[in-house]
Amino acid sequence: MTTITVPIDESLNDFLETQVKIGNASSKADLVRTAIKRYKEDEFIRQINQARQEIKDGKGLVGDLDELAKGFE
């Protein structure tokens with residue numbers, strides 16, 4: 001596991017502390033990890049939706065994925 005240090009303003013720190021106090025997370029670090037995981041999931045869903053729209057717009061790629069990937073090297 002990697003540790004990072006991220007400066008945050010007082011209002012964000014207060015929010016984290018409140019969430020821990022009311023039991024929404026076991027620690028500030030746990031809450032930040034959960035937020036990052038949620039962001040990652042949201043980004044994945046955004047990319048899927050974008051790909052679906054591109055296919056709907058006729059911009060999708062058709063063919064062998066290995067061959068198509070060669071065009072991006």
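In the predicted model, helix 1 and helix 2 pack against each other at an angle of about 105°, with their axes 9 Å apart. Because angles of 65 to 115 degrees count as roughly perpendicular, the two helices are therefore assigned to that class. The contact is formed by N13, L16, E17, Q19 and V20 on the side of helix 1, which meet K28, L31 and V32 of helix 2. By class, the residues of this contact comprise four nonpolar, two polar and two charged.

Helix 2 extends over residues 28-56, and the 29 residues of this helix should span 42 Å at 1.5 Å a residue, a value with which the separation of 42 Å between its end C-alpha atoms agrees. Just after helix 2, the backbone at G58 adopts a positive phi of about 80°.

The largest pocket of the model has a volume of about 530 Å³. Its lining is made up of 17 residues, of which I4, A29, V32, R33 and I36 are the closest to the pocket centre. The elements that each contribute two or more residues to this lining are helix 1 (10-21) and helix 2 (28-56), and helix 2 gives the most, with seven residues. In terms of residue class, the lining of the largest pocket contains 12 nonpolar residues, together with three polar and two charged ones.

Note on methods: Residues are numbered from 1 along each chain as its sequence is written. This is a predicted model: local features need pLDDT of at least 70, side-chain atom pairs count only at pLDDT 80 or more; totals for chains, interfaces and linings use all residues. Side-chain values use heavy atoms; hydrogens and water are left out. On a 1 Å grid over the protein atoms alone, a cavity is a set of points where a 1.4 Å probe fits but cannot get out, and a pocket is an open set with protein on both sides within 12 Å along at least five of seven lines; lining residues have an atom within 4 Å of a point. Grid points are joined across faces, edges and corners, and a volume is the space filled by probe spheres set on the points. Helices (H or I, at least four residues) and strands (E, at least two) are DSSP runs, numbered from the N terminus. Ala, Val, Leu, Ile, Met, Phe, Trp, Tyr, Cys and Pro count as nonpolar, Asp, Glu, Lys and Arg as charged, and the others, Gly among them, as polar. Axes are lines fitted to C-alpha atoms, for helices over the stretch in contact, and angles run from 0 to 180 degrees between N-to-C directions. Angles under 35 degrees count as roughly parallel, over 145 as roughly antiparallel, 65 to 115 as roughly perpendicular and the rest as oblique. Contact means heavy atoms within 4.5 Å. The expected span of a helix is 1.5 Å times one less than its number of residues.
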